[in-house]
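Please take a moment to look at the sequence and the structure side by side, and then follow the paragraphs below one region at a time.

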Amino acid sequence: MNYDYIIVGAGIGGLSASLNLAFNKKKVLILEKNSLPGGLVTTIKRGRFEFDASLYDLMDYGSEEHVGSLQRLFKKFNLDIDVLPIPYNIRIKSLDDKFDEVIKGDIDDWILRLEELYSGSMSTFRSLLPVLKEIDEALNALKKGKKNALKDFPNFTKYLDKNAYDALVDLNLPTETIHVLGYLWIEIGSPLNKLSFIDFAEFMYKYIFKRPVALSNKNIDFILKLAKRFQELDGKIYYRSCVSEIKDLGEMQEVILKDGTSYKAKEVICDLSERYVFKNLIKKDYPFVNQKENARTLSMNGLVVYLGLNKSYQDLKLYNYRYYEFQNLNSAANMKSMKEFYHHTIEAIVPNIVNEKASPKNTTILVLKTLYNDVLWNKINASNYYQIKNDLANGLIEEFESTFNIDIKEYIEEMVVATPFTFERFTNNINGSFFGPMRLGYDNSIHRFISYEEERIPHLSFVGSSSLFGSGVDNAFYSGYYITEKLLEDERRND
């Protein structure tokens with residue numbers, strides 16, 4: 001059977017692309033190698049606990065007053081997604097800088113605290129806010145095809161090729177304030193001295209003005225709702241369908257599965273890393289693709305420990321939604337230290353702080369994550385894998401206890417440990433990288449966006465974290481929508 005579009009991979013980008021195409025009455029087939037959609041946006045069951053593998057902060061959803069792009073798209077596709085507001089309730093501890101603060105209340109409270117810590121923070125931070133807003137407006141103009149309008153956004157042009165650290169220095173923020181504000185670099189996957197200021201500004205604008213939210217239900221409930229809506233629009237999903245080859249037949253594309261089954265479509269859209277697709281699925285050479293891939297740097301991978309604790313978060317004294325431990329607050333220095341297995345950078349999250357129903361009554365879920373900026377895991381083999389995995393997990397737990405003076409080990413009822421090999425198996429991301437290629441230098445999201453038209457491959461597109469807008473559920477979802485809108489425009493132009 002032939003289709004208008006075949007989507008390879010039912011991650012967030014693939015589901016978004018399929019929804020938009022089916023919404024526009026196209027004949028769409030999704031091929032997913034796993035038994036469920038969502039990629040890493042999924043749920044793991046162990047005993048009486050259900051651990052969300054990822055997605056604890058849904059960016060660019062917004063509120064009733066400040067509606068985000070994601071909320072608009074959900075409404076367009078008639079998706080009723082239940083969310084909960086996330087409070088500013090974050091503890092940041094830097095070991096060698098002796099910085100230990102809790103962000104509470106609204107952003108204004110945090111600005112006041114920064115001013116107490118570092119004189120000059122308040123006025124310079126407030127002068128940064130209109131710059132963030134201007135860059136957001138410029139990005140929206142670009143997405144709407146209004147490239148000529150960029151002359152109306154001088155700060156966008158000024159900072160287009162500056163990294164986040166240099167731009168913040170230029171905007172006169174105190175050095176200490178830059179490092180403290182930049183703690184969220186770890187959520188974007190690039191250190192401040194390499195990360196494009198435009199990407200940083202976009203993230204901060206969403207974070208400050210549109211406030212992240214959390215899902216009321218589990219990851220898998222959210223994902224299945226997207227898949228169900230796609231099927232209501234007459235789309236088809238075939239699970240356990242692992243693609244082995246994509247063939248260019250000229251007017252049609254053929255997608256061949258490992259079992260020999262094949263399907264044809266006018267267009268193929270991949271929710272997979274470009275590196276994986278061109279290395280494993282396509283037997284055709286595209287010189288500019290090789291050049292682009294050689295110029296890219298894969299993002300960090302990591303180890304995640306999911307803990308089900310048989311005590312309430314109040315009794316455990318886990319009072320904050322997120323915890324961050326750094327060796328120091330200099331993102332570049334932290335990045336260098338991540339080439340070792342033990343480097344004192346930890347992210348932790350307590351979902352129960354926002355959602356009391358995240359786990360059974362009088363229990364708590366605690367998720368610990370540490371990242372690696374190297375191919376450390378390539379040195380591991382079958383003989384030492386489980387020993388190293390367990391040693392790292394136990395070391396992470398002990399360090400969290402020691403750093404934040406919180407006892408958790410004796411209350412562990414269930415534990416799941418996921419390594420880069422786990423994530424690579426689920427997503428096909430090379431080395432199990434979390435964020436796709438880092439947004440560095442001329443491979444940041446703006447340059448990807450500007451060069452999109454000249455780098456397009458006939459009848460083949462990419463969505464998700466390797467696509468235009470980089471990592472994050474909101475960016476992945478928007479990439480699926482944006483790419484398919486371009487393809488639908490092409491169809492209308494050619495009719």
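In this predicted model, strand β15, which spans residues 346-349, is covered on both of its faces, with Ile 346 and Ala 348 buried on one side and Glu 347 and Ile 349 buried on the other. Strand β14 (residues 322-326) is joined to β15 by four bridges, and these two strands run antiparallel; within this pairing, Tyr 323 stands opposite Ala 348. Strand β16 (residues 364-372) also runs antiparallel to β15, to which three bridges join it, and here the bridge partner of Ala 348 is Leu 368.

Turning to a helix, we find that Pro 420, Thr 422, Phe 423 and Thr 427 are buried in α16, which covers residues 420-427. These residues lie on the same side of α16, because they cover an arc of only 155° around its axis. What do the buried residues of α16 pack against? Their partners are β13 (301-309), α15 (385-404) and β17 (412-418). Just after the helix comes Asn 428, which takes a positive phi of about 65°.

Finally, consider a residue in a loop: Asp 60 is found between β4 (49-52) and α2 (69-76). Is Asp 60 buried or exposed? Asp 60 counts as buried, because its relative accessibility is 8%, whereas the cut-off for being buried is under 20%. The side chain of Asp 60 makes a polar contact, at 3.4 Å, with the side chain of Lys 210. If its neighbours within four places in sequence are left aside, Asp 60 is in contact with several residues, including Gly 68, Ser 69, Lys 206 and Asp 474.

Technical notes:
Residues numbered from 1 in each chain as written. Predicted model: local features only at pLDDT ≥ 70, side-chain atom pairs only at ≥ 80, totals over all residues. Heavy atoms only, no water. Buried < 20%, exposed > 50% of the residue type's maximum accessible area, 1.4 Å probe, protein only. Polar contact = N/O pair within 3.5 Å; in protein donor to acceptor, adjacent residues only side chain to side chain. Contact = heavy atoms within 4.5 Å. Arc of directions from axis to C-beta. Pairing = 2+ DSSP bridges.
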